[in-house]
Number of protein chains: 2
Amino acid sequence: MTDATHDPALQSWVESANEPGCDFPVQNLPFAMFQPGPDAVPRAGVAIGDRILDVTSAFGIPSVLAVMRMPRAERVELRRRIGEFLVNRSPRAEDFLSPMAGARLLLPCEIGDYTDFYASIHHATNVGSMFRPDNPLLPNYKWLPVGYHGRASSVVASGTAVRRPYGQTLETPAGPPVFGPSRRLDYELELGAFLGPGNPLGEPIPIERAGGHLFGVCLLNDWSARDIQTWEYQPLGPFLAKNFATSISPWVVTMEALEPFRRLPEPRPAGDPEPLPHLRTAALDAYGITLEVWLRSARMAEPMRVSRGDFARMYWTLSQMVAQHASGGCNLRAGDLIGSGTVSGPLKENRGCLLEVAWRGAKPLELPTGETRRFLEDGDEVILRGWCEAPGFRRIGLGECRGVIAGQA
Amino acid sequence: MTDATHDPALQSWVESANEPGCDFPVQNLPFAMFQPGPDAVPRAGVAIGDRILDVTSAFGIPSVLAVMRMPRAERVELRRRIGEFLVNRSPRAEDFLSPMAGARLLLPCEIGDYTDFYASIHHATNVGSMFRPDNPLLPNYKWLPVGYHGRASSVVASGTAVRRPYGQTLETPAGPPVFGPSRRLDYELELGAFLGPGNPLGEPIPIERAGGHLFGVCLLNDWSARDIQTWEYQPLGPFLAKNFATSISPWVVTMEALEPFRRLPEPRPAGDPEPLPHLRTAALDAYGITLEVWLRSARMAEPMRVSRGDFARMYWTLSQMVAQHASGGCNLRAGDLIGSGTVSGPLKENRGCLLEVAWRGAKPLELPTGETRRFLEDGDEVILRGWCEAPGFRRIGLGECRGVIAGQA
C-alpha cells in the first residue's frame, strides 16, 4: 500500500533531490553506512539528492543494522519522520547533511549469511545449455527457487577493486588441470535483498508473511570465474568460482520505497506447474525494477550499456525465495543478504552476464574502441544501475554498483 | 613441535583431570564459551577434568573469539600460563573453577562463514555410487578438496534438539514433488575446524603457512535430509538439505594440544595424481583423531556404537583445505568454521553416516532393542565422540556432540 510518503508532488528543501532523473528524491530515502571524512566513525545515513542525511546524529539511529532489526511498523514510522524532516525545513537541519561526493560509502552492515538464488529462467536456460547441452533446465527448476549458500566475508562495497582470482582449470577437456589466473572472468547482474526481522530456527516463514521479512534491495554483482566454476562445481556447487568477491551498491532501497512498483508476477507459461502451497501466492510480489549493466574498458572514456532487464520478469519472486529458504526451518536474520541470481530476460538485450552476451565466447562483444570481449580483461570496469518508474509516481533509483578488474599483483 | 605442556607426567591439582580416560587432562586445555549458571553472562572457559576454569576472570580473556584472533605465539604463551596455573596450585585458584555439570556450554563464538568440505574419498565414493552409479567419483576429486559454503546461522551447540525439516521431495522418480517432513534424515560424522588469524581479501595463503591459520578442532554433525538433497542439489549443490541444523561440540581443542598427534599423511594410492604445487606439502599435516558415532533410540537405555574412524585417513588434510579455500583470494577470518566432510574409511565399520551404514536403506542397521534403522527416527539421539592417543603422550579427548531428533510441532 502506498501512503503519503509516496506522493509524487512532495519536494525536498534539498534541491538536488527534486531534479528529474535524480535517483534519490524524498520518495526514496535509502539507507547506507558512511564515513563523512577519511577517519570519521561510520554512521547511518539516508540519501537525499547529492547529500547524505546523518540519521545517526539526527535521529539517534546507530546503524543500518538497527533499522533492519526494527519491526516493520517502526521502520515505516521512521521513514515518515525522515521524510518530514527533508520536506519541512527546520532550523539547523542542514547541519545534518554532508555531500555524498566527499563521503566514503561502506557496506550497509556486516553480512550475516549470504545466499544466492538462480531465479531467472532465461539465465538458467541459457547457461544450462552451455554447461549441459542435453539437459539445460533441470527438473527441479520450475518447482522451487534453486539457491545455494555464498560467501559473506568477501562481499565488498561498490568501488572495491576486484583481484582476478587464481584457480584450477582444465585447459583441455582431457586435463590435467592447471593452476593460474582465471581466463574467463565474468560479472553477473543481480538484485540483492537484505533481510529485516528474522525467524527462529525450526520455524518456517509462511509465504504470506515472507515479504514482511525483507528490509530492502541493492545492486549486486556476483563476479564469477567461469573456467574455475566448470571444473569445480560438481557435485557440491560453485565455491572458489564465486567467493573471491561479490560487490554490492551502498544504498539499500527499502521495501517501503518500492511499494509503488509492486506488481502481480507474470502468469507462468502454459504447461508450467503451479507452485506447491508453501510457495503459492496471489500477492503483488513482483517488483518493477529496471536493471542495467554498463562496461568501460581502460581505453574507453565513457561506459557503454551492455544490457537492460526487468526484475519483475524473474520466474521466482523475493517472497518465494524467502519462504523457500525458511521452509525447512533455516533461521534467517536481519543483515542476511540474498542474491536473486542473474537477471536475464527473453531477449538478447536482456542477458545479464557476459557468458550469455558473448555466448561462451562464440560471439564476442564489440566495444566502441574496436576492442572485443569474450570475458572481462584487466582494467575493465563494470557498472550496474537500477531504477523504478510507474505512472503517477516519482522515479526512484538504486544508484550504482561499480568494480574494476585488477590484475594479479 | 611438542613442548613442556605435552609432558605426559604433568598432573593437575584438579584431581578429576588425572583420571585415566579423562578427555580433559592438563595436556588438553580446550576452550569453550559457557554460562556458570542459568542467567550468568557468558565467559570463556578451559576444560580441566570435570571442571571449567573461568579464563575470563582468571586471565582477562573476554571470549574464545579473542583467543582465535591472537597470533599463534601469543596463543602458545597463553596455553603455557593456563597449564602452569592448573599444575601449580596458587592460593584461591579454586575460586576460578566451576563444575562442568552445572554449566551451560554455548557455541564457542558467533560463526563467521561456515564451509563444508568432502575430504574422505571413501565417503565420496560410497555416496557417489548411490547418487551417480555410472560416475561415483567425479574427475576433480583427486585434484582439489571439493567444498561448498554452508549456513552459519543454523550451527547450534551440542544438546540442541534438531527439528525434522520439511522440504520438497520426489516420492516416485517421475514426480511430481511433494512437500512434507523429510523421511530420510541422516547424521554425518565430521571434524570441525575453527580458523584463527585470517588473510586479507585477495591474498592467498601458501600451503606451508596454512596450518598456522587454524585455531582448533571440534566434533561436527552435518545433519542431512537425503530426500530433500536428492531433489534440490543440482546444479548448485546442497541447500535446504543441510541448513536446518549443524551441531558442534562445545570444546575447541587447539592445534597446540594436537601437536603430539600429527603425522605424515598416508601416501596416495599408486596412480593417483600428485597434488598441484599450491596443495603440495611434505609436512606432518595429518592428525590422528579417532572419531565415533553412537546412536540411542528412545527405547534404548544406553547408546550403541555405530562406527569408528580415523581422521588421519582423509584424502585431503586441513592445511590443504585452508590453502585451497584461500587460493583464489577468498578471505578467511577468525571464527570461521570448516567442516571436513563425512569421515568414512575403507571398512564397513568406518562409515560415517547412516546413508552409508544402511546403504541407502538396503541394509538396515539393527539396534539391540530389535528395532531397525534405515534413516533417523524421531527421538533418536546421535552422539559423536573423539579422542587422540599416541605412544608416549597423554590421551586427550574432544568431548561429545549430541543431538536428539525432535518431530515436527
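Begin the tour of this predicted model by selecting Trp359(B), which sits in the loop of chain B between helix 9 (354-357) and strand 23 (365-366). Although Trp359(B) is not a glycine, its phi is positive, at about 45°, and its relative accessibility of 25% means that Trp359(B) counts as partly exposed. Most residues other than glycine have a negative phi, and most peptide bonds are trans; the next stops also concern these two backbone features.

Move to chain A and select Leu29(A), in the segment that precedes strand 1 (31-35) of that chain. Leu29(A), again not a glycine, has a positive phi of about 65°. Is Leu29(A) buried or exposed? With 4% relative accessibility, Leu29(A) counts as buried, the cut-off for that class being under 20%.

Return to chain B for the peptide bonds. Select Gly175(B) together with Pro176(B), where the bond from the glycine to the proline is cis, with omega near 0°; Pro176(B) belongs to the loop between strand 10 (166-170) and strand 11 (177-181) of chain B. Then select Gln234(B) and Pro235(B), which are likewise joined by a cis peptide bond, with omega about 0°. Pro235(B) can be found in the loop of chain B that runs between helix 6 (226-232) and strand 16 (246-248).

Now display chain A as a whole, with its nine helices and 26 strands. The C-alpha trace spans about 70 × 50 × 40 Å along its principal axes, and the radius of gyration of chain A is 21 Å, which agrees with the value near 22 Å that a compact globule of 409 residues would have. Of those 409 residues, 63% count as buried, and among contacts in chain A with a separation of 6 or more, 73% are accounted for by residues 24 or more positions apart.

Chain A carries 41 positive and 46 negative side chains, the centres of the two sets lying 3 Å apart.

Finally, show both chains together.

Methods:
Residues numbered from 1 in each chain as written. Chains lettered and ligands numbered in written order. Predicted model: local features only at pLDDT ≥ 70, side-chain atom pairs only at ≥ 80, totals over all residues. Heavy atoms only, no water. Helix = DSSP H or I, 4+ residues; strand = E, 2+ residues; numbered from the N terminus. Rg over C-alpha atoms; globule rule 2.2 N^0.38 Å. Buried < 20%, exposed > 50% of the residue type's maximum accessible area, 1.4 Å probe, protein only. Contact = heavy atoms within 4.5 Å. Lys, Arg positive; Asp, Glu negative; His and termini not counted. Charge placed at Lys NZ, Arg CZ, Asp CG, Glu CD.
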